[in-house]
Amino acid sequence: MKRTCLGILITVLSCLSVFAQQKRPNVIIIYADDLGYGDVSCYGAKRINTPHIDQLAKKGLKFTNAHTTSSTCTPSRFSILTGVYAWRKKGTGIAPGNAALLIDTAQITLAKIFKQSGYMTSAIGKWHLGLGSKGGPDWNGEIKPGPQELGFDRSYIIPATLDRVPCVIVDNHRVENLDPKDPITVDYHQKTGDWATGKDHPELLTMKSSNGHDNTIINGIGRIGYMTGGKAALWDDYTLTEKLTTQAESFIAKNKANPFFMYFASPNIHVPRTPNKIFAGKSGMGPRGDVILEFDWSVGRIMRTLDSLGLTKNTIIVLSSDNGPVVDDGYQDEAQSLLGGHKPAGPLRGGKYSAFDGGTRVPFIVSWPSVIKRGTSDALISQVDLVRSFAGLLNKKLKTEQAYDSFDMLSQLLGKSANNRPYLIEDAAGLGIIADNWKYIEPNQGAVYDYSTKTELGNHKEPQLYDLSSDIGERRNLASQYPGKVKLLSQKLQQIKDEHGYHL
Ligand code: NG6
Ligand code: CA
């Protein structure tokens, strides 16, 4: 008798757990590179049309006040994956292509949270968080630690950026298509091997540099850093988005029966902008506009794959960008001359590299058709919050010493609350803090303007204070009018810095 009861109990419990298993949503983060607040049509772009992203926004929740933690790539990615501000750790600025892994493998990560909850996890696309242990990766051997040591079951990545060597894909722990007889050498200080450089052979370039980008030429494009070898492993710039999207689709298809988490970090719309021939010339805005179309297409393909497998309803998609927009980021690709009236940052001031909101306020859309009601949310949230929010969704308790900069904003992500995060930190040359629509940028010695990218960097030797509710473009510095507010926010910022340390 006892045995039967126990048997029934076990059956009931296992049914419950299967039920729970089935109900758990898949989660996909689609993370664009350098896509601005004004670069997609559902955020107001007029000259460019992004129907798939718009469709996602139409079905889901469009955030108007969501932020990256930084106005450049590496620190933003560090934060979204760890729940910790990158400025707390030394050496987390824009990483060279041969940097060692920047995230401690003992640290909690978004991927680990999903993996520990039984999800299949993958990182596909741009990584830019370093690989390998001290001294950097062994490109010709086993490349670890990397994403897999941080909780991703599968990884298929561009090690750094499109414009940084080595221009090869790392498939799990190895360079894809590497011929052992043609080993790769990478150097960020001096030329290695005999491959031509943009500096010495500008006549070989199919895309000319406007700033830097004059080291080794790969596929007719001058890059940052020197490399030689690995010829068979080099990526093709013009079909890379396609290739990565296909990988994403096959990961989804393979895991259609399990809950899965995919971090799909698109290389678009970072330089060098090399649209697939399907999109070349289609935007009328040159390659920058064309790769926005390409990004939108790749989002559409992922959405279609989910649809065809019947997964749309129970899949959460978070679509965002790692930092704000830049027009000329170092190549002569007509982005500036063909811009027309397009405003990549929308109404915001500054862009990539900037302490103004153009650097950090980005498109942010969350869709989960079976749960989230469509609409718009003005809640102040940060990408650093994804760690604790998804831990909340999975009922996973994190220790206080883990992901300490992350807040559980699940209710906001699901549209059940529009409460603001009490404060939020943005990182450029100096730090900025936003609380209740007031933004304070601490005094710093950084350049005010970057002439090569034509960016207002938002740095100033004096404190800056903006009322974002009436001045979203950060035009009127109210610091001298509201010294009390300046004091309060600078004290709060100092307290946040001191709580867990900082390295600027
Ligand atoms: C800059 C590069 C820029 C881009 C950026 C990183 C030059 C002149 N500029 O140093 O092209 O690669 O680093 O971008 O080399 S990010 O989105 O990965 O942060
Ligand atoms: Ca970026």
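A polar contact is a pair of N or O atoms within 3.5 Å; within protein, one atom must be able to donate a hydrogen and the other to accept it, and residues adjacent in sequence count only if both atoms are side-chain atoms. The model is predicted, so local features need pLDDT of at least 70 and side-chain atom pairs count only at pLDDT 80 or more, while totals for chains, interfaces and linings use all residues. Residues are numbered from 1 along each chain as its sequence is written, chains are lettered from A and ligands numbered from 1 in the order in which they are written, and side-chain values use heavy atoms, with hydrogens and water left out.

Two further side chains approach ligand 1 in this way. A polar side-chain atom of aspartate 34 lies 3.2 Å from a ligand oxygen. For histidine 270, an N or O atom of the side chain is 3.0 Å from an oxygen atom of ligand 1. The protein covers 85% of the 450 Å² of accessible area that ligand 1 has on its own. Accessible areas come from the Shrake-Rupley method with a 1.4 Å probe; for residues, only the protein chains shown count as cover.

The shell around ligand 1 holds 19 residues. A residue belongs here if one of its heavy atoms lies within 4 Å of the molecule. Cys73, Asp163, Arg164, Asp329 and Lys352 come nearest. By type, the shell divides into 5 nonpolar, 7 polar and 7 charged residues. Ala, Val, Leu, Ile, Met, Phe, Trp, Tyr, Cys and Pro count as nonpolar, Asp, Glu, Lys and Arg as charged, and the others, Gly among them, as polar.

The ion is coordinated by Asp33 (OD), Asp34 (OD), Asp322 (OD), Asp322 (OD) and Asn323 (OD1), at 2.2 to 2.7 Å. Donors are N, O and S atoms within 2.8 Å of the metal (3.2 Å for Na, K and Ca); water is not among the atoms, so sites may look incomplete. The angles among the 6 donor atoms run from 51 to 175°, and the site is irregular. Four donors count as tetrahedral if all angles lie between 85 and 135 degrees; four count as square planar and six as octahedral if opposite donors are over 155 degrees apart and all others between 65 and 115; anything else is irregular.

In sequence, the donor residues of the calcium ion are spaced D-D-x287-D-N. Distant parts of the chain are thus linked: aspartate 34 sits in the loop between strand 1 (26-32) and helix 2 (51-59), and asparagine 323 in the loop between strand 13 (315-321) and strand 14 (364-367), 289 residues apart. Helices (H or I, at least four residues) and strands (E, at least two) are DSSP runs, numbered from the N terminus. Aspartate 34 and asparagine 323 are both buried. Buried means under 20% relative accessible area, exposed over 50%, and partly exposed in between (1.4 Å probe, protein chains only).

Helix 7 (residues 386-393) has 7 of its 8 residues buried, so it is largely enclosed by the rest of the structure. The buried ones are Leu386, Val387, Arg388, Ser389, Phe390, Ala391 and Leu393. Asparagine 395 follows the helix, with a positive phi near 55°.

Several loops show backbone features. Between strand 12 (260-265) and helix 6 (286-308) lies isoleucine 269. The peptide bond to this isoleucine from asparagine 268 is cis, with omega near 10°. Proline 272 is found in the loop between strand 12 and helix 6. The bond from valine 271 to proline 272 is cis, with omega near -10°.

Asparagine 437 has a positive phi of about 70°, although it is not a glycine. Its place is the loop between strand 18 (431-435) and strand 19 (438-441). With a relative accessible area of 28%, asparagine 437 is partly exposed. Lysine 454, also not a glycine, has a positive phi of about 55°. This lysine is in the loop between strand 20 (449-450) and strand 21 (455-456), and counts as partly exposed at 48% relative accessibility.

Glycine 225 lies in the loop between strand 10 (221-222) and strand 11 (226-228). At 1% relative accessibility, glycine 225 is buried.
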